[in-house]
Amino acid sequence: MSINKKKLIIVDDSRLFREALAQKLSESHSIEVIGTASDAFEAKDMVFELKPDVMIIDVEMPKMNGFEFVKELMSQYPVPCIMVTSNENFSEADAKKAGAADFMHKPSRNNEFITFASIIATNASNMLGCSFVEVEMSL
């Protein structure tokens, strides 16, 4: 029985974070990382070309922040987005208001990254083809 993998794009200005998360998510049997982008403008071109099922988008990026990007994206290509940030001042309510399906704070310690990536993989795998999906996060 073949599993339909969710096609995923990672948008984050940190090359190290993009590469580490892409590598970890690629180990999942239910996710295919089809692209990474360093900002919203690079990602927008990818979205229309690659047609992802799910996107992971950093909140704080140069040129256009993740909230603005998700709002713009939802009007043109509604796709479930998981917003991530290392800034404790942002909340799930902020992400939902922008149109994101889910929100997570990035891990502050290296030993938390594997758990973070596992939760991202589980949540991305469970995303349905709509822009507003409630996803339970549990450890």
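Isoleucine 56 lies opposite isoleucine 82 of S4, within a parallel pairing of strand S3 (residues 54–58) with strand S4 (residues 81–85) that spans four bridges. Strands count as paired if DSSP finds at least two bridges between them; helices (H or I, at least four residues) and strands (E, at least two) are DSSP runs, numbered from the N terminus. This is a predicted model, in which local features need pLDDT of at least 70 and side-chain atom pairs count only at pLDDT 80 or more, while totals for chains, interfaces and linings use all residues. Residues are numbered from 1 along each chain as its sequence is written, and side-chain values use heavy atoms, with hydrogens and water left out.

**Sheet**
- The open sheet consists of five strands in the order S2-S1-S3-S4-S5, with parallel pairing.
- Strand S2 (31–37) and strand S5 (102–105) are the edge strands, each pairing on one side only.
- Neighbouring strands are turned by 20° against each other on average, direction ignored; axes are lines fitted to C-alpha atoms, for helices over the stretch in contact, and angles run from 0 to 180 degrees between N-to-C directions.
- S1 and S2 run parallel and are joined by six bridges, and valine 11 has alanine 37 in S2 as its bridge partner.
- S1 and S3 also run parallel, joined by four bridges; here isoleucine 10 is partnered with isoleucine 56 in S3.

- A right-handed β-α-β unit is made by S1, H1 and S2; right-handed means that, with the strands pointing away from the viewer, the path from the first strand over the helix to the second runs clockwise.

**Largest pocket**
- The largest pocket has a volume of about 240 Å³, this being the space filled by probe spheres set on grid points joined across faces, edges and corners.
- A pocket is an open set of points on a 1 Å grid over the protein atoms alone where a 1.4 Å probe fits, with protein on both sides within 12 Å along at least five of seven lines; lining residues have an atom within 4 Å of a point.
- Its lining includes Ser14, Phe17, Lys106, Arg109 and Phe113.
- Helix H1 (residues 15–25) supplies the largest share of this lining, three residues.
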